Amino acid sequence: MGAFDYTDPNGPMYYGGVYHLFYQYNPYGAVFGNRMIWAHSISYDLINWIHLNHAIEPTDPFDINSCWSGSVTILPGNRPVILYTGLDANNNQVQNLATPKNLSDPFLREWVKFSKNPIMTPPNGIKGNEFRDPTTAWKGLDGKWRVIIGSELNNHGMAILYRSEDFVSWTKYQHPLYISEETGMWECPDFYPVSINSTNGVDTSVQNPSVKHVMKASFNSHDYYVLGNYDSEMERFISESDFTGTSLDLRYDYGKFYASKTFFDNVKNRRILWGWVNESDSTEDDIEKGWSGLQSIPRQVWLDESGKQLLQWPVEEIETLRDNQVSIHGKKLLSGAVFELSGITAAQADVEVFFEVPELEEVEFMDPTGVDPQLLCGKENASSNGKLGPFGLLTLASKDLTEQTAIFFRVFRGPSRYIVLMCSDQSRSSLRKEVDKTTFGAFVDIDPCLEKISLRSLIDHSIVESYGGEGRTCITTRVYPMLASDEGMHLYLFNNGTSSVIISRLNAWSMKRAKINGKESLRYRAT
Ligand SMILES: OC[C@H]1O[C@@](CO)(OC[C@@]2(O[C@H]3O[C@H](CO)[C@@H](O)[C@H](O)[C@H]3O)O[C@H](CO)[C@@H](O)[C@@H]2O)[C@@H](O)[C@@H]1O
């Protein structure tokens, strides 16, 4: 077996009838290494993948110590170009350019590095190890290209802005596009418009009154974003809030999800998001099992009607893996109920459930001010009893429930409205002691008086990707059950609250295996 580490998604795009995904990859070891490369895979449907030869590897002084993260921009005339960070011979981070050798090859198998690399080097005042991860570039109203690079100055994370007329000569702009007072170094920034009145995606260069902009930055092991307005004439991004690096910030995902990247899929008019989902086991475990790191299921991302946050949903193509289905309508889950959902493969499933909570009157009061939902989930875990909740799913569970990963909700009465808490409780996910079992949690911005509380979970052996409130809150987790074999894995609905809840609608499917290089493959193994 090989030993490989998969991390950041790089340069996703649609070209020549196929989706391309590059990613940070260590071909020499199961964990992050000192010679990272750009691996390359392609797909016709975002689900089944073909691995190609590596796209970019360290070869020249400007990237001899690694080819780190970056992005693709499609130039006029349908010409993709890669901007990536190279670690040069002195281990300084520099930005490099590469272009396809043969544009008529839809697989874009070979990439040629620009003869005049590097095209950007750390500017004055910026440390050589704090200048990386170029975004997809966009065109301003003046026709000039813009790109941002992750960096920091005096412990303030920022997006350094460069401009260019020809994509080759880049000039640093006088001030960063964004500087954050409260965060450290920014990795893998992403900057893109979202429509304010449609779920459709828009091209990265679009600027008009019907879009807002998203600024995403990766720091403190999480992907945070703010929304705002971008003005390319003034070269300003005016955000509606600031990054605080606390639980108050908006995040794509409140579990494991980092160094993400989006791209505009012009065939289906949608923006697609990918993130790196790392392991929760130890480095020693990774070396023993011979690999580490997953890519999330790609998600469509768009602005919520409220304009206050993004919504995310697994791309529709995931439904092609759906196999046999079970459905439930109008079933009451009494206090203390644990109800097995049989008839599907619990180890690999897609479950969507809508809960109705009729007994709202006497729920506990909670003032959410200053409350960290993740800590609250740790305290009010799956086995505690509230009035309304915990209720939800017990995934990847052994028959006797010794091992289980609970994805659940609690409902509280707040000062002005009800508060819905969503948690992913890993504390009993595995009998293995050395794995990280931190509980994750976040609030879901829904009013249970007006709508049902929904949960969709994509379960696959060692990963559970959960979408609460129809994509308002996402939590991804990695777990390593020991007791349950694929066949012995179980899935339950539960209600530990003192009030009943109603499963108003549930649809769940066994999921087939995706094909990698034409063969049905296990996407993720627990061990
Ligand atoms: O592959 C390099 C790209 O990855 C990014 C974002 O994920 O930087 C990753 C980063 O962390 C790696 O090294 C750490 C040890 O130094 C290790 O703990 C972690 O698991 C690794 O992913 O790489 C640098 C240098 O090590 C570190 O500062 C980062 O957090 C992205 O910024 C890079 O382009």
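Biologist: How far does a polar side-chain atom of Q24 lie from an oxygen atom of the ligand?

Modeller: This is a predicted model, in which local features need pLDDT of at least 70, side-chain atom pairs count only at pLDDT 80 or more, and totals for chains, interfaces and linings use all residues. Residues are numbered from 1 along each chain as its sequence is written, and side-chain values use heavy atoms, with hydrogens and water left out. A polar contact is a pair of N or O atoms within 3.5 Å (within protein, one must be able to donate a hydrogen and the other to accept it, and residues adjacent in sequence count only if both atoms are side-chain atoms). For Q24, the separation between the polar side-chain atom and the ligand oxygen is 2.7 Å.

Biologist: Which N or O side-chain atom lies 2.6 Å from an oxygen atom of the ligand, that is, to which residue does it belong?

Modeller: E187 places a polar side-chain atom 2.9 Å from an oxygen atom of the ligand. The 2.6 Å separation from a ligand oxygen belongs to an N or O atom in the side chain of D133.

Biologist: What percentage of the ligand's exposed area does the protein bury?

Modeller: Accessible areas come from the Shrake-Rupley method with a 1.4 Å probe (for residues, only the protein chains shown count as cover). Taken alone, the ligand exposes 630 Å², and the part of that area buried by the protein is 62%.

Biologist: Which elements give two or more residues to the shell around the ligand?

Modeller: The ligand is surrounded by D8, Q24, F32, W68, S69, R132, D133, E187, Y258, A259 and W276, where near means that a heavy atom of the residue lies within 4 Å. Strands here are DSSP runs of E of at least two residues, and helices are runs of H or I of at least four, both numbered from the N terminus. The elements with two or more residues in this shell are strand 5 (67–75) and strand 20 (258–265).

Biologist: Which residues lie nearest the centre of the second largest pocket?

Modeller: On a 1 Å grid over the protein atoms alone, a pocket is an open set of points with protein on both sides within 12 Å along at least five of seven lines, a cavity is a set where a 1.4 Å probe fits but cannot get out, and lining residues have an atom within 4 Å of a point. The second largest pocket has a volume of about 850 Å³, a volume being the space filled by probe spheres set on grid points joined across faces, edges and corners. Of its 36 lining residues, those nearest the centre are S247, L248, L250, F443 and D445.

Biologist: How much space lies in the largest cavity?

Modeller: The count comes to 1 cavity of 30 Å³ or more. Its lining consists of K256, S280, Q426, D436, K437, T438, F440, T477 and R478, and the space in this largest cavity is about 30 Å³.
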